[in-house]
Amino acid sequence: MSVVQPIPARHKNVNRAEVCDQNFKEFVQSWRGRAATAGAASAAVLPGSRCSAQDFLELFDSQLISRHLDLMARVLRVRNKVFYTIGSSGHEGNAMVARLTRHTDPAFLHYRSGAFMAERFRKLPGLDPIMDSALSFAASAEDPASGGRHKVWGSKPLWVLPQTSTIASHLPKALGTAVAIEQARRIGHALPVPDDSIVVCSFGDASSNHATAQTAFNAAAWTAYQKLPAPVLFVCEDNGIGISVKTPNDWVRANFESRRDLDYFFADGLDLASGYEQVARAVHHVRTTRRPTFLHLRTTRIMGHAGTDFEIEWRSIEELMAVEATDPLLRSAAIALEAGLYAPESLLARYEDFRQRCFAAAEEADRRPRLQTLAAVMAPLAPFSPDKVAAEAARADYAPRRVAAFGGEDKLPEKQPPRHLAIQINNALHDLFAKYPETLLFGEDVAQKGGVYTVTKGLHKAFRNARVFNTLLDETMILGLAQGYANMGMLPIPEIQYLAYFHNACDQIRGEAASLQFFSNDQYRNPMVVRIAGLGYQRGFGGHFHNDNSITALRDIPGLVVGCPSRGDDAAMMLRTLAALAKVDGRVTVFLEPIALYMGKDLYEAGDGQWLTSYPPPEQAMPLGEARIYEGAAHAAQPPAADQPSDLVIFTYGNGVPMSLRAARTIEQELGWRVRTIDLRWLVPLNEAFIAAQAATARRILVVDEGRHAAGVGEGVITAIVEGGHGAIPLRRVVGADTYTPLAGAAFLVLPGEADIVAAARTLR
Ligand SMILES: Cc1ncc(C[n+]2csc(CCOP(=O)(O)OP(=O)(O)O)c2C)c(N)n1
Ligand SMILES: [Mg+2]
């Protein structure tokens with residue numbers, strides 16, 4: 001007959017942090033095993049393991065630091081001194097992964113990485129894990145990781161790139177970084193970390209199911225399957241639960257143990273005695289074989305998902321107590337006491353000492369300044385050094401390399417007759433490859449085929465596989481790779497084949513790449529130029545997904561730069577500036593290519609060749625935010641007549657530019673107006689001051705926006721006009737409809753056309 005033990009009142013305590021704290025103290029106090037004698041600890045504390053007494057003691061210290069940071073956060077959160085309570089309790093075994101890797105192995109970490117960090121902090125002298133963490137918990141402006149922008153696990157000297165809280169979103173870039181480490185050698189690029197580095201990437205069991213995680217596992221295996229190296233250690237910290245949803249029993253093992261080309265290892269993260277050797281084996285495997293490796297690390301979760309998670313409200317007390325009994329700190333205490341490394345009193349003293357240090361650090365952090373101004377908050381978001389960018393964009397000191405790239409002095413593109421957009425983009429890409437030996441271009445079909453529209457033709461032949469290559473068909477991974485290459489100091493130019501297919505991978509730019517400078521206080525940068533072919537009006541290839549005109553998803557990404565050229569010379573000069581923005585200020589930039597203009601040669605009449613342009617020599621670039629102004633319907637640009645009012649000013653971009661110029665000619669003829677057409681060229685950020693200044697000299701305004709009615713670029717233009725004080729000027733918008741684009745001729749019903757522009761002008765008479 002089983003006897004049901006009554007649950008002691010203390011264990012019913014709602015505050016599980018207090019319970020866990022008390023459990024540890026009671027466990028140690030009531031220890032009745034062998035007492036410590038000085039020097040009793042043998043070198044090998046853990047028989048059969050390489051974990052020496054020193055290894056163990058330091059790991060245990062890291063575990064205790066992590067635990068006391070958690071306990072401190074629970075207490076001081078309610079006093080508004082710290083602002084984050086997602087903890088690491090139960091996951092402290094991840095300290096082993098830190099100990100067995102190097103501080104130069106780039107790490108992308110799960111949010112339960114307190115012990116990993118405490119351990120990695122040992123690898124460099126002069127760093128203080130407790131104070132640095134406390135500053136981050138306190139959102140202090142002196143937080144060395146993020147400057148007070150978020151509680152992140154991050155460190156510049158320790159190669160821990162801070163992560164946002166979107167689960168699994170860091171896996172693609174972790175794999176990308178691993179691939180980049182190996183690829184650097186092939187292009188002769190000097191890495192910022194040792195050549196035999198590996199990448200550490202940790203996440204939870206529930207997160208392992210996420211599409212973004214699966215995409216990285218698949219791409220890792222796809223890489224290894226082709227015998228290409230990808231030294232990434234995926235560490236799945238399996239605590240059996242995600243907030244309140246239990247992971248099916250043994251699911252992680254079942255799902256990953258025999259995946260082809262993703263090598264599986266298990267380690268017990270609850271027990272340093274057995275876990276150390278197991279982790280060591282996995283780390284050794286990835287370091288020596290350079291194969292993607294999945295380390296299934298057993299953990300548990302105590303004290304709930306976060307301080308706001310009152311588990312006792314949705315789980316039985318018996319279950320909670322059973323989980324708390326697996327606390328890895330109890331196991332570490334047992335090992336320490338058994339091995340004679342501590343006497344109970346000395347262990348308790350050490351435990352209390354860490355508590356005191358964590359609280360003292362947090363109190364001190366609370367006295368340090370926090371972010372006080374909007375300018376301070378935003379400072380690292382979008383650094384911009386216009387003079388340096390302009391100088392870099394126009395730097396042309398690589399003449400021999402460009403002569404080689406183009407196949408001879410007489411083949412230089414500026415010496416050729418005027419050409420169309422696709423050719424000039426192609427030329428500009430060749431130029432960038434010559435200018436920056438660390439440039440890589442990749443995406444779907446970009447290599448031998450030269451892209452769906454031949455825009456990248458010849459690059460693969462000229463620069464070979466190591467720099468121009470096809471990826472697997474996965475936009476999330478294309479952008480993850482880009483971040484990886486950028487992390488390793490290269491200049492990635494990923495291609496997204498169609499704008500519609502950016503949207504399914506948008507988070508890699510929105511949540512990840514564009515946020516890195518912000519959340520690392522500009523200590524980490526992942527510069528890139530993302531080429532996206534898009535917009536409507538294609539006659540050759542119809543339907544919505546080849547004619548997606550939604551720029552909305554790009555417009556509100558903080559810090560992003562988006563340029564959209566309408567003609568070949570602008571494209572070349574814009575690309576130089578985008579690359580310079582990436583190189584100088586670390587910016588994430590997008591080059592939005594209007595597909596329907598790729599091959600366009602004529603402006604007014606068939607055969608007039610007025611949309612062909614000469615290739616600008618390499619010392620010409622286009623400042624960020626500078627528009628092109630067309631006075632009158634004529635093709636040639638003229639300097640702006642700033643103080644001379646125009647009867648009509650048309651603000652537009654992309655396909656809207658040649659359309660508006662044609663419409664302007666009709667309007668001039670029909671209404672006798674003087675028309676100024678403005679190609680904005682830079683869509684994000686919009687140059688609001690310039691727009692307002694142009695509006696100031698307009699009698700009437702049209703905004704021709706081929707994007708959608710809702711949230712399109714035109715909304716930003718009108719806002720700039722109105723906020724600039726020019727809302728009284730008669731204004732119309734000619735804009736796409738809020739619909740998907742249909743196939744064939746019906747597409748032109750939803751997109752604004754030349755006749756619509758003329759008709760809108762007539763209404764302003
Ligand atoms: C993409 C995304 N969806 C949902 C969330 C909200 N969320 C935060 S943590 C979490 C559970 C994660 O569980 P697991 O991966 O097992 O990690 P654990 O917290 O257990 O360590 C969820 C759903 C999120 N952060 N990101
Ligand atoms: Mg979990």
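Trainee: Which residues are closest to ligand 1, and how many surround it?
Mentor: A residue is near a molecule if one of its heavy atoms lies within 4 Å of it. Here 17 residues surround ligand 1, and the closest are His110, Tyr111, Arg112, Ser207 and Ile241. This is a predicted model, where local features need pLDDT of at least 70, side-chain atom pairs count only at pLDDT 80 or more, and totals for chains, interfaces and linings use all residues. Residues are numbered from 1 along each chain as its sequence is written, chains are lettered from A and ligands numbered from 1 in the order in which they are written, and side-chain values use heavy atoms, with hydrogens and water left out.

Trainee: How many residues of each class are in the shell around ligand 1?
Mentor: Ala, Val, Leu, Ile, Met, Phe, Trp, Tyr, Cys and Pro count as nonpolar, Asp, Glu, Lys and Arg as charged, and the others, Gly among them, as polar. The shell has 10 polar, 5 nonpolar and 2 charged residues.

Trainee: Which side chain has an N or O atom 2.7 Å from an oxygen atom of ligand 1?
Mentor: A polar contact is a pair of N or O atoms within 3.5 Å. The side chain is that of His110. A polar backbone atom of Ile241 is also 2.7 Å from an oxygen atom of ligand 1, and a nitrogen atom of the ligand is 3.1 Å from a polar backbone atom of Ile167. Taken alone, ligand 1 exposes 580 Å², of which the protein buries 74%; such areas come from the Shrake-Rupley method with a 1.4 Å probe.

Trainee: What coordinates the magnesium ion (ligand 2)?
Mentor: Donors are N, O and S atoms within 2.8 Å of the metal (3.2 Å for Na, K and Ca); water is not among the atoms, so sites may look incomplete. The ion is coordinated at 2.0 to 2.1 Å by Asp205 (OD), Asn239 (OD1) and Ile241 (O). Asp205 lies in the loop between strand 2 (199-204) and helix 7 (211-225), while Ile241 is in strand 4 (residues 241-242), so the pair ties together parts that are 36 residues apart in sequence. Helices (H or I, at least four residues) and strands (E, at least two) are DSSP runs, numbered from the N terminus.

Trainee: Is Asp205 buried or exposed?
Mentor: Buried means under 20% relative accessible area, exposed over 50%, partly exposed in between (1.4 Å probe, protein chains only). Asp205 counts as buried at 1% relative accessibility, and Ile241 counts as buried at 7%.

Definitions and conventions. Polar contact = N/O pair within 3.5 Å; in protein donor to acceptor, adjacent residues only side chain to side chain.
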